[in-house]
Amino acid sequence: MTETRGQTLRSRSQAQVVWAQFRKHRLAVWGGRILLVMYTVALFAGFFSVYDPNYYETSPPKGNHPPSIVHFRDPDTGKLSRPFVYATKREFDVITLQPKYLEDPAQGKFYIHFFVRTPEQPYTLFKLFKSDFRLFGVKAPGRLFLAGTDNFGRDLWSRLMYGGQVSLSIGIFASFIAFVLGLVLGGIAGYFSGKPIKISAPFLGKGSLLWRIPFTLFWLALAGLMASAMVQFWRVTPGFSVADVAVGLVGLVGASFALLAAFVRLVQLDLDDLIMRLVEIISAIPGLFLLISLRAVFPTNMDALLVFYLVVFILGFIGWGGLARVVRGLVLSLREFDFTQAARALGASDARIIGRHILPSTASYIIVSLSLSIPGAILGESSLSFLGLGVREPYTSWGLLLSDAQAGGFASFTDRPWVLWPGFFIFLAVLSWNFLGDGLRDAFDPRKRH
Amino acid sequence: MAAYILRRFIHLIPTFIGATLLSFIIIQLAPGDFLTQRELDPNIQPESIARLRAQFGLDQPTYVQYVLWMENLLKGNLGYSFSYQQEVFGLILPRILNSLYIVSVATILLWVIAIPVGIYGAVRQYSVGDRVVSFLAYVGLAVPSFFLSLIAIYIILQVKFKYGIQPFPVGGMTSSGFEQLDAWAKFQDIARHLVVPALVAVSNDIAGFSRLLRGQMLEALGQDYIRTARSKGLAERTVIYKHALRNAIVPFIASIGGLLPGLISGAGLVEVVMNWPGVTPFYLDSLANQDLYVLSGFLSITLALLMLGNLISDFLLAWVDPRIRYY
Amino acid sequence: MKKALWLLASLALLGVSAVQAQAFVWPQAWTTAKPGEVKRGGTLKSSTISDYRTFNPFTTAESGNVPSLMAGRAGFATRSPSTGDWVPYMAESWTISANKLDFTFKIRKGMKFSDGEPITADDWITTWKIITDKAVGSNARDGFFIDGQPIVLKKIDDYTVKVSFPKTDATALGQASFTPWPDHIFGKAYREGGAEAIKKMWQLNANPAEIVSPGPWVLETYRPGERVVLKRNPFFGEWNKDEAGNALPYLDRYELLIVKDTNAELAAFLIGDIDVYAPSTVDQISQIRKAVADKKLDATLKVNASPVASSQFMVFNWNKKSDPFKEKLFRSAKFRQAMSHIVNRQAVVDVVYGGLATPTYTSVYPVLTQWVNPKVAKFEYDLAKAAKLLADLGFRNKDKDGYLVDASGKRLEFNLVTNAGNKQREDMARLIADEAKKVGVKVNFTPIDFNVLVGQLLASGDDRPFDAIIIGLSGGGLDWPFGQNVVPCGTNLHMYNKSGTCLDARETQMHALFSRGRTELDYKRRLEIGNQIQAIEAELVPIVYIAGPNYHPSWNNRLGGERPDALLKSIWGQRDVETTFIRK
């Protein structure tokens, strides 16, 4: 029984097997489809939006306008007609004091046109191509607000499209850098755990010239660091002249060289220790504070979106610790497995063992946890926005839009529920990514193929 | 092994120094300091600000401030808060204890809910129940906790408006007049306040935990020894709980050390929105105020627990998984 | 034994009757509470947005701190909401010397701290000494100096204090009416341990029993991050009475819930956890009004009761040596008038404040009605006028992007910043930038970190880093609404020009008028000077004022004793806690 199944499986490639398995997980397939749609729409946000995301008018004001009602039936004839909307008039609710908008048929019907050009509101595609071609729109002064407007009267539908660009890409961006670093450093740490590297003294020591150069550089850097630290301390300690500092420096450097030459055999460096301690140091960095500091470091006239991506990039740079620990653990046990032992016995190099044997074995874990860390980053972006540290105007993101809704408080539920759309999109994206990850995990697991 | 343990303990020192120094630099890198916000007060002269800055030592270079702080730390003093003019530890401790209510209840809830859910998902893989439960778990994960808290408050308000009874408090940890209650009533009062924030806090974690456990269980159930156990004619219940679960739970036991810093880092933004007097709002306040020593005090406690937790994790990992060797 | 008790009791009675003769009677005009209908006892539940930092009156720095809550109106004089005048409070009366420099206060007899110790001249002297000690670092210290010269207190006898001012000062009574703190506690510590001992006192972990107050309330319990509970000072009622002779305060307790999140605060009010609330947005107001209309909440809300004493504004930097083009521009009154014309204040009120705010044009906040000069020029929203003014400055042509350029082809462009995270200011900046674009001015708006912003704003010298900033200030007294740190050239918050000297002739005029007004004791003449300052300010537009929010007091109807409608203003607050009572 198992024999025959094994044979049929072998006739297909690994990818085909995974794909067949993946398709069995229906929620995962749906997740994948939804994500495909979302990413496509976000990519062509300009085309799918109705207005420029920052366009609004102050007279007549359109702030907090509810979603436009699209009519399919002609009120005069009662027959089906092309979809149209009415222009609206603003009034204030006597109790809530909030604006409300009443349809004003007197201004006529505004039919929804497909594939329209809006020369007064052009957009750029991929930051490169200028265009004014949109999927649909209505003629002014009619307005088509599919998801209502914000307090300015900016079209939320269009803002959602553009916000998706930031929210959906941020996860991939942040996860990618963290994964590359976590994988490489975690792999090295696990593989070399318990196999310390002996560090030779500068300029001397055994090994080839090529091997000596990095160590020499290492020592020089260390010496430089010490020297600069000392100079700094001396600068604030009164009563020392430049000559004192120079003499002290020379003496200190000389002494350390002598010590090194004498005890060179004792200097060992365990990469595992080094990397894991680095992980601990990095995980102690106050992330929120780093964010504030970084924000201030970039020049204020820099593009706000670019700044945000840079900040996320750097956050990814310090976010690899947890993954590195897991990968290290995986590698620690993998390297004791039979196949690695066999490869080593056959004389394979470290690089080959890591690259050909160990890393592929962690691949399924990596793919799965990547697909699970992306939704984490999407949620993280919304938390940052809640704290006022996310992307800034005029750019927007689902997190920023949701934190606006949060700031409105209960009025967002009762007076203008349409501002909750960004919450729904975050929800949908996170859910889809998770199901996708789930499906991938099951698909990659060789034991569960039946 | 003994040498390994010794080495790990020795390594704690440079790690601690490196991490605190780095954090210190990053905090100082941020523009301005604790007194910047007072400069906009029309009633305070710039000379007064300068004097206070000197009093707080904020005019000293970063490394001098660091050395002084380290010196105090060695004497067991975490530092002095600028805005509270009080020792940091005494300020932090009540906040940590308050947060512990949520964190401990949420952690217990997490294990109580997520383990059965994970096992169920593995034993009845792809069943309707598995799909419904995992969907629900993901729903909890997919709504940002700050927003989930707001929804919870809104629901409580609507229930109160509609039926005239208030199922749970809308925020805070104690009711007005708490001090006059007896011990049992105090316990009940806090418990009532605890329900909603703990549920919100746990809802974000159930999915992650239960799905991981499900994966581990599936893996364990596919192993040879399970087949052997089954073929021996053991009851399915025994196979699942005695054999599979014991192996599947190993990585979680090994990561128990990671829970340590979580105990003091608070329950997150739910504390802010539900007005729980825990660590998170306090920490955010200190961040906003740039209360340097409160921040670094927090960091050094977290760091100490993190290092300790990692140490315990590594030892546990070596203990439960004999394949891993240390030198 | 029994006899001795009798004797004690009669002595106590005598004491009470002696005290009653000294009592301060709270005027009926300040409150709607009728002595006949008030009930005693109960707890007022209020809220505060940020946690407390200390109970120490000398080191506290935040507004609404616990010492000021406990002290209430404590001070020689207090300001009457009904007349706006200073009336004797802890002083029975005062005399002013012929040169208007020395104020001699006769202290009311029979006043006691919450521990039963009498309040005497020593308490004022000690408080003054500690506040003015540099080493203590008190926030109140600067108030005791006028142009660097100290205000000096002298004890004449136990119940008389002389306060000497270095120059005549319109705000003298306000300066002298600080709260006295107990000499038998702080004075003792100060004499023994100096400033360091003072700083260590009454921290948050202090035992509430050690805390002593001269005012209506004294600390009962404090739970960090949660709640402060104040209880009635039993001795306060001996010298504070309502018109029927009832001891004040009526309430037993005054609780403050610490609520950091505005939504949680609103929820607490809607559900009845707190009794008083001041909603700041139309969203909060809509929730309350709806709950009241649906009979879910029995509360009162007065929408737009008055403006708040604060305003948001845009300030241009006059000190840009490295960029002469911009420096010339920003120093030009015409340019700033044009910029005032492009501020669509109505849209700001609509978009930013949901319709509930007041446009502002000068540094005198609209709530200080008696000080507002109604005749000053207003450069209201008018793009055509803005374009004309800019054309006068030489910006007549537009470049290919549609922006105005001068004769040499230089584009009219500046950077505008405000602090990130303040959504209201960010929205204002967006409105301004978009309106500016309509007339062809390129405004590059960026939100930046608050501390960076303050750093740029307060930098001094002739080359400062920013172009224009949107920020807000609040405050402004009824005696003299112009800020001593704001109006005179060379002061710290003279934000548009921090070169240290006046650059514009009208700036110099304002500087001189400020000094004259501050030292003018006659109210009418001071008002006249204030009007002149505003007239110059309105023409010069050194700062483009935008708008300030309105005050919407709200309370649960289980409370009584709010202010009559005419006095329901942000400067007076919705009620005195002393005369508040619980209806049910």
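This is a predicted model: local features need pLDDT of at least 70, side-chain atom pairs count only at pLDDT 80 or more; totals for chains, interfaces and linings use all residues.
Modeller: Residues are numbered from 1 along each chain as its sequence is written, chains are lettered from A and ligands numbered from 1 in the order in which they are written, and side-chain values use heavy atoms, without hydrogens and water.

Biologist: What makes R79(C) and D479(C) a salt bridge?

Modeller: The rule asks for a side-chain nitrogen of Lys or Arg within 4 Å of a carboxyl oxygen of Asp or Glu. The closest N and O atoms of R79(C) and D479(C) are 2.8 Å apart, so the pair qualifies. The count between domain 1 and domain 3 of chain C is two salt bridges.

Biologist: What area is buried between domain 1 of chain C and domain 3 of chain C?

Modeller: About 890 Å², with carbon and sulfur atoms giving 52%. Buried area is the accessible area (1.4 Å probe) that two parts lose on being put together, summed over both. In domain 1 of chain C, R79(C), T168(C) and A170(C) lose the most area to domain 3 of chain C, together 49% of what that side buries.

Biologist: Why is helix α10 of chain C called mostly covered?

Modeller: Six of its eight residues (345–352) are buried, among them R345(C) and V348(C). Buried means under 20% relative accessible area, with a 1.4 Å probe and protein chains only. A helix here is a DSSP run (H or I) of at least four residues, so α10(C), with eight, meets that rule.

Technical notes:
Buried means under 20% relative accessible area, exposed over 50%, partly exposed in between (1.4 Å probe, protein chains only). Helices (H or I, at least four residues) and strands (E, at least two) are DSSP runs, numbered from the N terminus.
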